[in-house]
Amino acid sequence: MDSENRRGTTAVPFDIPTSARAYGWMLGGKDSYEVDRSFLLSTLPAFPECVDIARQNREFLYRVVRHLTREAGIRQFIDMGCGLPTDDNVHRVARRFTPDARVVYVDIDPIVLAHGQALLADDASTTVITGDMRDQEAILGHPDLVRLIDFDEPVAVLFLSVGHHLTDADGPSRVLRTVIDRAAPGSLLGFSQVVADDPERGAAMTAHISGGGVPWQTRTPAEVDALLDGLEPLEPGLVNLVDWRPDADQPPLAPVHEDLLPYLGATDLNKGIYEYGGVLRMPRQDG
């Protein structure tokens with residue numbers, strides 16, 4: 001989810017940045033505009049960690065989907081705020097381990113819809129729909145989701161690197177729990193968002209990114225824990241994503257654009273802003 005306005009228009013925004021396009025550029029993608037690249041380059045001098053964070057989240061996605069398919073037996077996924085198609089999207093990772101996996105991608109950026117529909121035109125078990133993740137009921141009622149997702153079976157709902165796009169005014173706890181609260185036993189929630197250990201630096205990041213037209217709220221780890229209260233994290237808990245079941249042998253990401261090269265490795269030097277998350281489930285019921 002990014003800077004689409006609240007009226008739900010599907011017009012492509014060319015005059016303001018979108019998170020899907022900026023995030024895709026940091027992953028080595030080419031489907032961005034000058035407004036996205038300029039905004040990101042204006043952000044990085046103050047918050048150089050952003051490039052590492054985006055790429056660490058993408059590596060986290062691989063490990064999460066691998067765990068969900070290979071170890072948790074999940075065969076169906078809803079990916080909220082999925083962003084632009086890149087290498088190792090959810091359905092590609094899932095099908096390495098579960099060939100019959102079904103995936104519904106959800107994003108509010110119409111460019112995501114256009115690219116996704118083109119790539120998935122011949123794939124009957126994967127689809128991309130336009131939806132505002134703040135409106136979970138509309139997403140769950142979408143005919144393509146109804147066609148692919150069976151709520152009598154466990155489902156994984158993913159909010160990866162989009163929690164910071166849910167401000168407190170959006171009721172984020174409700175948004176994050178809508179699917180998992182009604183899903184079959186064994187369902188799981190994957191979540192991550194940018195956090196800052198220093199609330200003042202986090203507030204400065206929020207002000208800068210929100211001021212550029214992208215809804216944003218940097219939280220502290222404790223604030224994220226509060227959002228997810230009542231859900232039970234799998235081991236190793238809610239952590240910096242680099243510490244969630246690390247694997248040095250997972251597939252590499254595409255190289256970054258040369259303009260972003262100076263910012264690679266910033267999280268090795270500045271450890272106060274990072275992506276935080278994990279995989280959670282409903283608590284086990286005794287008896």
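In helix H2 (residues 34-43), the buried residues are Asp36, Phe39, Leu40 and Thr43. Here, buried means under 20% relative accessible area, exposed means over 50%, and partly exposed lies in between (1.4 Å probe, protein chains only). Viewed down the axis of H2, these buried residues fall within an arc of 100°, so they line one face of the helix; the arc is that of the directions from the helix axis to the C-beta atoms. The cover over the buried residues of H2 includes helix H1 (19-26), H3 and helix H9 (199-211). Helices (H or I, at least four residues) and strands (E, at least two) are DSSP runs, numbered from the N terminus.

The structure is a predicted model, in which local features need pLDDT of at least 70 and side-chain atom pairs count only at pLDDT 80 or more, while totals for chains, interfaces and linings use all residues. Residues are numbered from 1 along each chain as its sequence is written, and side-chain values use heavy atoms, with hydrogens and water left out.

Attention now turns to charged pairs. Side chains of opposite charge can pair when their charged atoms come close. A search of the whole structure finds 15 salt bridges, each being a side-chain nitrogen of Lys or Arg within 4 Å of a carboxyl oxygen of Asp or Glu. One of them joins Arg75 to Glu153, with the closest N and O atoms 3.2 Å apart. Arg75 sits in the loop between helix H3 (50-71) and strand S1 (76-80), and Glu153 in the loop between helix H7 (143-148) and strand S4 (156-159), so this pair ties together parts that are 78 residues apart in sequence. Arg75 is partly exposed at 31% relative accessibility, and Glu153 is partly exposed at 28%. Both residues also belong to a network of salt bridges that links Arg75, Asp100, Arg102 and Glu153.

A salt bridge of 2.6 Å, N to O, brings together the side chains of Asp123 and Arg95. Because Asp123 lies in the loop between helix H5 (110-119) and strand S3 (126-130) and Arg95 in helix H4 (residues 90-97), the pair ties together parts that are 28 residues apart in sequence. Asp123 is buried, with a relative accessible area of 18%, whereas Arg95 is partly exposed at 23%. The side chains of Glu232 and Arg281 also meet in a salt bridge (2.6 Å, N to O). Here strand S6 (residues 232-233) holds Glu232 and strand S8 (residues 273-281) holds Arg281, so parts that are 49 residues apart in sequence are tied together. Glu232 is partly exposed at 26% relative accessibility, and Arg281 is partly exposed at 23%.

Not counting residues up to four places away in sequence, Gln250 touches Glu59, Tyr62 and Arg63, where contact means heavy atoms within 4.5 Å. The side chain of Gln250 reaches the backbone oxygen of Glu59 at 2.9 Å, and a polar contact of 3.0 Å joins the side chains of Gln250 and Arg63. A polar contact is a pair of N or O atoms within 3.5 Å; within protein, one must be able to donate a hydrogen and the other to accept it, and residues adjacent in sequence count only if both atoms are side-chain atoms.
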